[in-house]
Amino acid sequence: MRALKQSRGANQKKIYLLNEGQAMFLMTLLRNDGVDGVVVRFKARLASKENRLKETDVIKLLVEYAKEQGSTHSDQLYRVYTKLANSIVGGKRDDMTALELNTLTLVESIIK
């Protein structure tokens with residue numbers, strides 16, 4: 001996806017070029033959720049990604065600590081905690097509704 005530049009002024013709008021996959025995904029969301037639903041889900045997705053970055057920073061510290069303590073499988077902690085959070089919410093991040101993403105954000109914030 002890339003933005004095209006438009007003329008400046010009061011009626012300035014951004015236009016985005018989408019590839020076929022992006023367009024199909026957007027149409028599916030619009031059909032299922034409507035415009036307002038897509039906006040809510042997009043905002044929830046951004047918050048979820050932001051929280052996930054914080055969570056992985058904490059897991060990184062845990063991995064380092066586990067290695068210092070002699071753990072031989074500390075690199076699997078990312079997978080373990082991701083699987084734990086997803087199992088509580090019940091799904092994969094990309095397939096979640098806005099409510100499920102908000103719940104996942106809460107669960108991941110508890111982990112961190």
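**The packing of helix 2 and helix 3**

Analyst: In this predicted model, helix 2, which covers residues 77-89, packs against helix 3, which covers residues 98-111, at an angle of about 140 degrees, and their axes are 9 Å apart. Helix 2 is therefore oblique to helix 3, because angles over 145 degrees are needed to count as roughly antiparallel. The crossing of helix 2 past helix 3 is right-handed.

The residues that form this meeting can be named on each side. Helix 2 contributes Tyr81, Leu84, Ala85, Asn86, Ile88 and Val89, while helix 3 contributes Glu100, Thr103, Leu104, Val107, Glu108 and Ile111. Sorted by class, this contact between helix 2 and helix 3 consists of eight nonpolar, two polar and two charged residues.

Between the two helices runs a loop, and Gly90 lies in that loop. Gly90 counts as exposed because its relative accessibility is 55%, and the cut-off for exposed is over 50%. Gly90 is 14 residues from Leu104 along the chain, and the C-alpha atoms of Gly90 and Leu104 are separated by 9.2 Å.

Ser48 belongs to helix 1, which spans residues 20-68. If its neighbours within four places in sequence are left aside, Ser48 is in contact with Arg93, Leu101, Leu104, Thr105 and Glu108. Ser48 counts as buried because its relative accessibility is 0%, where buried means under 20%.

Ala47 is likewise found in helix 1. With a relative accessibility of 36%, Ala47 counts as partly exposed. Ala47 and Leu101 are 54 residues apart in sequence, yet their C-alpha atoms are 8.5 Å apart in space.

The chain has 112 residues, of which 22% count as buried. Of the contacts between residues at least 6 apart in sequence, 43% join residues at least 24 apart.

The average pLDDT of the chain is 80, and 87% of the residues score at least 70. Among the elements of the chain, helix 2 has the highest mean pLDDT, at 86, whereas strand 1, at residues 2-4, has the lowest, at 54.

Note on methods: Residues numbered from 1 in each chain as written. Predicted model: local features only at pLDDT ≥ 70, side-chain atom pairs only at ≥ 80, totals over all residues. Heavy atoms only, no water. Helix = DSSP H or I, 4+ residues; strand = E, 2+ residues; numbered from the N terminus. Buried < 20%, exposed > 50% of the residue type's maximum accessible area, 1.4 Å probe, protein only. Contact = heavy atoms within 4.5 Å. Axes fitted to C-alpha atoms, helices over the stretch in contact; angles between N-to-C directions. Parallel < 35°, antiparallel > 145°, perpendicular 65-115°, else oblique. Left-handed = near helix turned anticlockwise from the far one by under 90°. Nonpolar A, V, L, I, M, F, W, Y, C, P; charged D, E, K, R; others polar. pLDDT = per-residue confidence, 0-100.
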